[in-house]
Amino acid sequence: QEFCIRSLAGGPTVRVYYTFGIHPREPSYSNDTRMRWQTLVSDPRCVGIGEVGLDRTCPPDVWPVQSRVLGQAASLAREQKKPLVLHMRPGQGVLLAGLQEEVIGVLRSAGLPARHPIHLHCYTGSKEEYHVWMKAFPCSRVGISMKTMSTPGGRTMVRNVDLECAMLETDCPYLGASPWDVHRVAVEVGKLRNLPTRVILSLSANAARCLYGIVF
């Protein structure tokens, strides 16, 4: 299905692109899944694979399935040369630093090149964890949401992130947000970086264009 938005004033049509994946909270994978993925990825409006990843708030019995799905998605992203949208959520007794290392191991085992484009969806890591990740996959883009800035470590990371590699997110409809709240995220990032909101919005848009290869 093609989704377009046209302004009431008769302005230009804005095309909406998509990514697809299997959320790690409900992981499953079969030959039928791969066939459906191959169909979806062949659509020119598909600009990425995911979100997929590891979520340690889930019961341990699904963790191996999460890893398998992530590995298959990474292989498909490598084959199709599409960005990978990555979900990483630690849980009780599992720190992000350790989870990050596990994810890096899965991606490397799947043969994902170090310079493959990756979108770290709603990243919540510290400054140190951010640098570890970027050393492993330097072409990644960091998704910044209000959740990212909800902790002192997250705010410190935002103060140190390369803004050319940062993309603003709302994670609508989650986090009690709507798409329009991206402006609020930009305002808060601007406060942390002492930059105008319009500059933050422009940098984020450029990062998205670069990662997904789209024009808007």
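What is the volume of the largest pocket? About 1,900 Å³, in a predicted model where local features need pLDDT of at least 70, side-chain atom pairs count only at pLDDT 80 or more, and totals for chains, interfaces and linings use all residues. Residues are numbered from 1 along each chain as its sequence is written, and side-chain values use heavy atoms, with hydrogens and water left out.

**View 1. Lining of the largest pocket.** A pocket is an open set of points on a 1 Å grid over the protein atoms alone, where a 1.4 Å probe fits and protein lies on both sides within 12 Å along at least five of seven lines; lining residues have an atom within 4 Å of a point. The volume is the space filled by probe spheres set on the points, which are joined across faces, edges and corners. The lining has 44 residues, and His 119, Leu 168, Glu 169, Thr 170 and Asp 171 lie nearest the centre. Helix α7 (197-212) gives the most, five residues. By type the lining holds 24 nonpolar, 13 polar and seven charged residues (nonpolar: Ala, Val, Leu, Ile, Met, Phe, Trp, Tyr, Cys and Pro; charged: Asp, Glu, Lys and Arg; polar: the others, Gly among them).

**View 2. Strand β4 and its partners.** Helices (H or I, at least four residues) and strands (E, at least two) are DSSP runs numbered from the N terminus. Nine of the ten residues of β4 (residues 46-55) are buried, so the strand is largely enclosed by the rest of the structure (buried is under 20% relative accessible area, exposed over 50%, partly exposed in between, with a 1.4 Å probe and protein chains only). Pairing requires at least two DSSP bridges between two strands. β4 is parallel to β3 (residues 18-20) over three bridges, with Tyr 18 opposite Cys 46. Five bridges join β4 to the parallel strand β5 (residues 84-89), where Leu 84 stands opposite Ile 49.

**View 3. Backbone at Lys 81, Cys 122 and Pro 173.** Most residues other than glycine have a negative phi, and most peptide bonds are trans. Lys 81, in the loop between α2 and β5, has a positive phi of about 55°; at 70% relative accessibility this residue counts as exposed. Cys 122, between β6 (118-120) and α4 (127-136), has a positive phi of about 45° and is buried at 11%. The bond from Cys 172 to Pro 173 is cis, with omega near 5°, and Pro 173 lies in the loop between β8 and α6.
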